[in-house]
Amino acid sequence: MGLHMERSPLAPAAFPTLPAIPGVTLRVARARYKAWDRCDLTFATLDPGTAVAGVLTRSRCPSPEVEWCRKALVLGQARALVVNAGNSNAFTGNRGRAAVEAIAARAAGHLGCEPSDIFVASTGVIGVPLPIDRAEAGLDAAFTAEPCSWEDAAATIMTTDTFAKAAVTQAVVDGRTVNLVGIIKGSGMIAPDMATMLGFIFTDAAAAPEFLQSALSAANGRTFSCITVDGDTSTSDTILAFATGKAGNAPLTGDDDAGADAFRAALADLCHQLALLVVRDGEGAQKLIEIQVEGAESDRSAHRIAMSIANSPLVKTAIAGEDANWGRVVMAVGKAGEPAERDRLAIRFGTTQVARDGLAVNGYDEAPVAAHLKGREIEIGVDLGLGEGRATVWTCDLTHGYISINADYRS
């Protein structure tokens, strides 16, 4: 990138300590997709018998990589993952499709498997075909590279990210402890229309593809589909989960299996951790914002109202300016197109109630709200007073930094 961005103030203090996942080997290489001095191709090999599941962008202009993964997921098995950074290969027509096919064929030839066992994801500038010669040279370098760490792989998939992102959880399944590790990238073009970033989850649990897909789809609905940085849905969004089966548990096939609930909970926890890391690295972000909506007619209605607030530039800039302007929240609720009654609406910032029954609370003191807004983590609560529907979403503030990063993105 032309920009040298400082690490987000919302970033964790350090990269987490992550266990190796048996059946997964990571390597990185330099394909030189951009004029930068860093690795930009990640190659993860997966032992035979690895199951795969995924959730992909709902964009109507998806990348060839997304289309490739969508078809390959039907088969439910994987032998490798290739991730390219610096070029999304989206909106590139037949040349883009040819690049994905070439990558899959070369990796499959190296591993002695079918091209459909190779999963491909790319991230970066839209509209520039991925150069096949650089991709193949990068792959050849990766084939002979020494295995690398989780942190190396997480750093290699980054674009405008300011820090490498990863998380870990465990679960007891069939009497055995299984590990789940995830790496993710994403900081802009983030909107919750599935999956809003590139994220890759690896576990040594044994799980049938259908069960893994069910668990991932459920987790996604409460995590990746509940975050937004800028309201823009990427053409390339991909979350993939790979289960190598090396933990030796009886394969999870349904919710009645021993440890199925524990695995689902662990996967949801991992996805939640990863999703919040993306928001913490929102382009130019200075504050993490949690929006809780309750009292809606349905959970779906609550979600739409929460997203209306989270995507409002007026709300996000008010938070950036530490301005306790709760009228902007009222505006965002009203424009959501969901059932709402002005005279039942209640709003709080942090633990301070600012409005109730459609007007400011008696004796409203802005001082505690102003103090809350000076922090790094902000909470906004809305009660519609209509029903039992509730939702929680996460976003970040909108600062001058977002403009600076995206005005100079292609340099």
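**Close-ups of charged side chains**

At 32% relative accessibility, Asp140 counts as partly exposed. That's our way into the views below, all taken from a predicted model.

**View 1. Asp140 pairs up with Arg106.** Arg106 and Asp140 make a salt bridge, with their closest N and O atoms 2.9 Å apart. Arg106 sits in helix α2 and Asp140 in helix α3, so this pair ties together parts that are 34 residues apart in sequence. Arg106 is partly exposed too, at 31% relative accessibility.

**View 2. Glu136 also forms a salt bridge with Arg106.** Here the closest N and O atoms are 3.5 Å apart. Glu136 belongs to helix α3 (residues 132-144) and Arg106 to helix α2 (residues 93-111), putting the partners 30 residues apart. With a relative accessible area of 23%, Glu136 comes out as partly exposed.

**View 3. Arg344 and Glu341 form a salt bridge.** Their closest N and O atoms are 3.3 Å apart. Both ends are partly exposed: Arg344 has a relative accessible area of 42%, and Glu341 is at 40%.

**View 4. Lys316 is buried but has no salt bridge.** You'll find Lys316 in helix α8 (residues 313-320). The nearest side chain of opposite charge is Asp397, 7.1 Å away. What Lys316 does have is a side-chain polar contact of 3.0 Å with Thr395. Setting aside neighbours within four places in sequence, its contacts include Val229, Ala310, Cys396 and Leu398.

Conventions:
Residues are numbered from 1 along each chain as its sequence is written. This is a predicted model: local features need pLDDT of at least 70, side-chain atom pairs count only at pLDDT 80 or more; totals for chains, interfaces and linings use all residues. Side-chain values use heavy atoms; hydrogens and water are left out. Helices (H or I, at least four residues) and strands (E, at least two) are DSSP runs, numbered from the N terminus. Buried means under 20% relative accessible area, exposed over 50%, partly exposed in between (1.4 Å probe, protein chains only). Lys and Arg count as positive and Asp and Glu as negative; His and the chain ends are not counted. A salt bridge is a side-chain nitrogen of Lys or Arg within 4 Å of a carboxyl oxygen of Asp or Glu. A polar contact is a pair of N or O atoms within 3.5 Å; within protein, one must be able to donate a hydrogen and the other to accept it, and residues adjacent in sequence count only if both atoms are side-chain atoms. Contact means heavy atoms within 4.5 Å.
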